Amino acid sequence: MKNQTVAHSVDKQYFDLVVAGGNYVGLSLAVAIKQALPEIGVCVVEPRHQKELVKDSRSSAVAAAARNLLNVLGVWADIEPHAQPINDMVITDSKLSDVVRPTFLTFDGKLDDGQPFAHMVPNGVMVASLYQKALQSNVTLITGDLVSNFDLTASGVQIELKSGLQIRTKLLAAADGVRSSLRELAGISVVQVPYDQIGIVTTVAHERPHEGRAIEHFLPSGPFAILPLKGNQSSLVWSEKTYEAERLLKMDDFTFQIELERRFGRRLGDLEILARPRGFPLGLSLARSFVKNRFALLGDAAHGIHPIAGQGLNLGFKDVAALAETVVNAARLGQDFGTLDVLENYQQWRRFDTVQMGITSDVLNRVFSNNSEPMRFIRDFGLGLVDRIPALKTYFINEAAGGGDHAPRLLQGELI
Amino acid sequence: MTESTSVDETEVARFSAMASEWWDPSGKFRPLHKFNPVRLHYIREKACRHFGLSTSVSRPFEGLQLLDIGCGGGLLSEPMARLGAHVTGADASNTNIEIAKIHAGQSDIKIDYRATTAEALSKNGETFDIVLNMEVVEHVADVDFFMQTCANMVRPGGFMITATLNRTLKSFALGIVGAEYILRWLPVGTHKWDRFVKPGELELALKDTGLETTEQTGVTFNPIANIWSQSKDMDVNYMIFSERKKARPV
């Protein structure tokens, strides 16, 4: 490959850690470990170039715990001016034809410490600041190249890049996304539950301010989420049955806007679609194992969940915090951190939480994407209960914020 | 002393296979791998506190001479060397030493491995800042003599950590019946209960060596979390910390 760029010279082709995938998950893992163990060699390999990486126009809900991590890594200050706090959250359950959408659940978006439980952050800004931080931390970044093959042995990993470059390492961490090719090369199979649903993602501008309110309409075809961005703009995540989504995505702009307004409502005034709507097939996927000797999966490569609870990105950051802490703890004891007995600690730490979150999202999706009256009654009754019992509500909001007693230190805002 | 001059290829292959067995975290020595972090944590903490070492650097043990007695395949020696110590790994078994050497070579770590005994090292007059005497005393014939020999190699200002199994009803139930017969963690016959040593007996053995035991801790297994940790309960596994005070200035 001729267009490979190497940020630092790769004359020494041994690294203590190689991360495949330079999106926010891979970059933050590299930065977190380098921050705690500055003397070790860390390399990130990413197929895209920096310019394409930061072009991601989507935005993500970053929960409080993930924000803590970004803060400890020293990038939150750069991100915050672009981040929109979610001040409160409203959940409605309705049919498309309902004139008035009954509100079943409202959340004040503040945690006990008065901080918002989530922010909407543009992905491009987040990746750009992590990329800069990785460069400053002397992480070796290889862009425009990818891991094409590797050999896991008892004492290390022999990696071959598409460009022909050979790298040796102690641990290969794969953060290369839902369709992880490294996961396949490692022979780790995946449990998959396709949903026959597509998530349509776009950004709209509206006349009136959203006041930091996130709205989730549980429509029979799937959830329709309106998430506040900076200024009079919102990010939309709109789930539809596959055939319906495909029909919508093929529409001309005028007809699409009419369909959108039927769901969005007129509360924020006139709408203008800012980004070409894109469709993402939805489903649940879970790697049968997160680790092998000298190999670890994290982020979407380990688990893809329904975006209903907005937890995909936050689960990824939890993986980062748990794997970084596991590796650093082992290194501080003088252990070889690439071995299975060390990595099993990471898997033990993350798998239960992941499976639990996956099942919760799956159940929510199944319960809500349903038009039958008894089902509607059950879920409205359930949501009503949650709304009336403060302890339950606090539990939900804390879970969504990603906290908890056994959370890795980075998620609690502490250095490893 | 045996000096291997001609390298036997088939012997090397055989040791290589055994080395990967020793070091396979899911293999025969899995219990030892699971047990390792709690020991490493204790050694690191004690050494850093005792010598006033920085805990924020990657090689806090730089400059320390350390002896790992009964080093086996090097499960303790390698981490100690990674932390910066100059490690001498001693084991009476030639096989173990060959295994340890091969693995250290693969890991690119320098360790002075020797197929020798504590007595021979002590007779040579060798001394160390840290002597690790981990999971050995329960296998030796004369505990008093062995402990005294090890103690002799601790320099003034240095320390020794001894880890072993207590001789109690509970250790019989957990350490022998549980670990060997029920859980099959260890091959039957790995341990002989009557060889287990009470903490008081170790202290007594050290009485005239100039070493003073200043701390002791139990190590227990939590089967639900699948993790070993330090505990007050010394009925089964335990570790003692014994130091030799610096000679008084004349």
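This is a predicted model: local features need pLDDT of at least 70, side-chain atom pairs count only at pLDDT 80 or more; totals for chains, interfaces and linings use all residues.
A:Ala66 belongs to helix 3 of chain A. Leaving aside residues up to four places away in sequence, A:Ala66 touches A:Asn314, A:Phe317 and A:Leu411.

## Helix 3 of chain A

Why is helix 3 of chain A described as largely enclosed by the rest of the structure? Helix 3 spans residues 64-72, and seven of its nine residues are buried, so the rest of the structure largely encloses this helix. The cut-off for a buried residue is a relative accessible area under 20%.

The buried set in helix 3 of chain A begins with A:Ala64, A:Ala65, A:Ala66 and A:Arg67, and continues with A:Leu69, A:Leu70 and A:Val72. After helix 3 of chain A comes A:Gly74, a residue with a positive phi near 80°.

## An open antiparallel sheet

Chain A contains an open sheet of three strands, arranged in the order 4-8-5 with antiparallel pairing. Strand 4 (59-63) and strand 5 (84-85) of chain A are the edge strands, each pairing on one side only.

Strand 8 of chain A covers residues 118-122 and is joined to strand 5 of chain A by two bridges, the two strands running antiparallel. Which residue of strand 8 of chain A stands opposite A:Gln84? That residue is A:Met120.

## The setting of A:His206

A:His206 lies in strand 13 of chain A, which comprises residues 190-206. Is A:His206 buried or exposed? With a relative accessibility of 5%, A:His206 counts as buried.

The side chain of A:His206 has a polar atom 2.9 Å from the backbone oxygen of A:Arg208. When residues up to four places away in sequence are not counted, A:His206 touches A:Asn232, A:Gln233 and A:Ser234, together with A:Phe264, A:Leu268, A:Asp270 and A:Leu271.

## The interface of chain A and chain B

How many residues of each chain take part in the contact between chain A and chain B? On the side of chain A there are 12 residues, in contact with 17 residues of chain B. The area buried between the two chains is about 1300 Å², and carbon and sulfur atoms give 51% of this area. Of the area that chain A buries against chain B, 38% is supplied by A:Leu333, A:Gly334 and A:Asp341, more than by any other three residues.

The rule finds one salt bridge across the interface of chain A and chain B. A:Glu344 forms a salt bridge with B:Arg30, and the closest N and O atoms are 3.4 Å apart. Three residue pairs are counted in polar contact between chain A and chain B, both residues of a pair being at pLDDT 80 or more. Helix 9 (312-332) and helix 10 (340-368) of chain A each contribute at least two residues to the side of chain A that touches chain B. Helix 10 of chain A provides the largest share of that side, namely four residues. In terms of residue class, the side of chain A that touches chain B consists of three nonpolar, four polar and five charged residues.

Note on methods
Residues are numbered from 1 along each chain as its sequence is written. Chains are lettered from A and ligands numbered from 1 in the order in which they are written. Side-chain values use heavy atoms; hydrogens and water are left out. Contact means heavy atoms within 4.5 Å. Buried area is the accessible area (1.4 Å probe) that two parts lose on being put together, summed over both. A salt bridge is a side-chain nitrogen of Lys or Arg within 4 Å of a carboxyl oxygen of Asp or Glu. A polar contact is a pair of N or O atoms within 3.5 Å; within protein, one must be able to donate a hydrogen and the other to accept it, and residues adjacent in sequence count only if both atoms are side-chain atoms. Ala, Val, Leu, Ile, Met, Phe, Trp, Tyr, Cys and Pro count as nonpolar, Asp, Glu, Lys and Arg as charged, and the others, Gly among them, as polar. Buried means under 20% relative accessible area, exposed over 50%, partly exposed in between (1.4 Å probe, protein chains only). Two strands pair if DSSP finds at least two bridges between them.
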